[in-house]
Amino acid sequence: MGTQALDVIKANTSLFSVSILSAGNNVDLLIQQCIEFQPKYAIIGNSDKFSSLKEGLKDTKVKVLTSIDGICEALENTHSDIVLTALVGYAGLKPTLTAIDQGITIALANKETLVVAGEIVTQKAIEKGVDIIPVDSEHSAIYQCLVGEESNPIEKVILTASGGPFRGKKREELLQVTKAQALKHPNWSMGAKITIDSASLMNKGLEVIEAKWLFDVNADQIDVIVHPQSIVHSLVQFEDGSMKAQMGLPDMKLPIQYALGYPQRLPSDFERFNFMDYPTLTFEAPDKETFVNLQLAYDCLDKKGNSACILNAANEIAVERFLNDEIKFLDIAALNQFCMENYKFIQTPTYEDYVETDHNVRELAKQWSNK
């Protein structure tokens, strides 16, 4: 996400400059990017690599920081117009809230921020007059479909899903799924965590919860449809029955550029879609019995409170354990369901409750065993 955002900025240097760059572990790439784009701040998430970053940027004016607190400090000391929040998982919550406090427009590529604490985040954005522009291709599609429709109520939003590498498979066929198989997405090139989430349909479940907060809709107004070609990125249905869809080739640079340039559509040289290359577009219902994570997300919308925070924390550990060969693919959903059923439910959580829930559920998820 970050490298593609920088590609967009590089193609539009008369419009954009970079104030802050951050990375989790890839210090060498971060150094290269800082030398090229000369931000005011560079932040490395892994504090063990702080000295390497500082050494690599010693001949520049870039101020070097570390950790989530470092990102928040940088946000408080720059006057950025827009911030692309693309951290993976729960880690995006605190920096996003900090940016909102600073009145900075949010280009949101970290769905977990709204999954974990959607009510707090959206309320704070309203209070501060801050726009949240989604960057996930599905939510960007819906956002684009709603431009000019402010006075027309939504009847339904329909999120499309590729189905991932295991589309059409049943539970018994997934018992011995390997890590390599799960990491092979048919249409998108993404990081390991989001790729596994896509394979388990948890990514779509998180997007269902995100859609509730972005577009102020209820669970029964959010549908998911499997669309293997990933050309129709999502749709909106209005009260008169008409539908609008946003279409295009699967390329994250387009929603990134749309968010950065909004409300203008900036010209690009991105590859164009040709109907003749895709003479057939197909759609099918998702299998919630095999891919339980999607149903768990809908359960969170019904239950509310801190349930989505529980699900997200459990899933982050479950995916980590799967990638470390500690649990099997189907155990991801089993672990998630266990945590949802066994951690305390809080009907009206505060920010501190979300922090505590996230921490404690992670510990619970680390202890889970399928034996």
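Which residues does Leu 53 touch, not counting residues up to four places away in sequence?

View 1. Leu 53 touches Val 27, Leu 30, Ile 31, Ala 42, Ile 43, Ile 44, Val 64 and Leu 65, where contact means heavy atoms within 4.5 Å. In this predicted model, local features need pLDDT of at least 70, side-chain atom pairs count only at pLDDT 80 or more, and totals for chains, interfaces and linings use all residues. Residues are numbered from 1 along each chain as its sequence is written, and side-chain values use heavy atoms, with hydrogens and water left out.

**View 2. The open sheet of three strands.** Its order is S1-S2-S3, with parallel pairing; strands pair if DSSP finds at least two bridges between them. Strands (E, at least two residues) and helices (H or I, at least four) are DSSP runs, numbered from the N terminus. Strand S1 (20-23) and strand S3 (63-66) are the edge strands, each pairing on one side only. Strand S2 (residues 41-44) is joined to S3 by four bridges, and Ile 44 stands opposite Thr 66 in S3.

**View 3. Packing of helix H9 (residues 192-200) with helix H13 (residues 307-323).** The two helices pack at an angle of about 100 degrees, with their axes 10 Å apart; axes are lines fitted to C-alpha atoms, for helices over the stretch in contact, and angles run from 0 to 180 degrees between N-to-C directions. H9 and H13 are therefore roughly perpendicular to each other (65 to 115 degrees). H9 contributes Ala 192, Lys 193, Ile 196 and Asp 197 to the contact, and H13 contributes Asn 315, Glu 316, Val 319, Phe 322 and Leu 323.

Methods. Angles under 35 degrees count as roughly parallel, over 145 as roughly antiparallel, 65 to 115 as roughly perpendicular and the rest as oblique.
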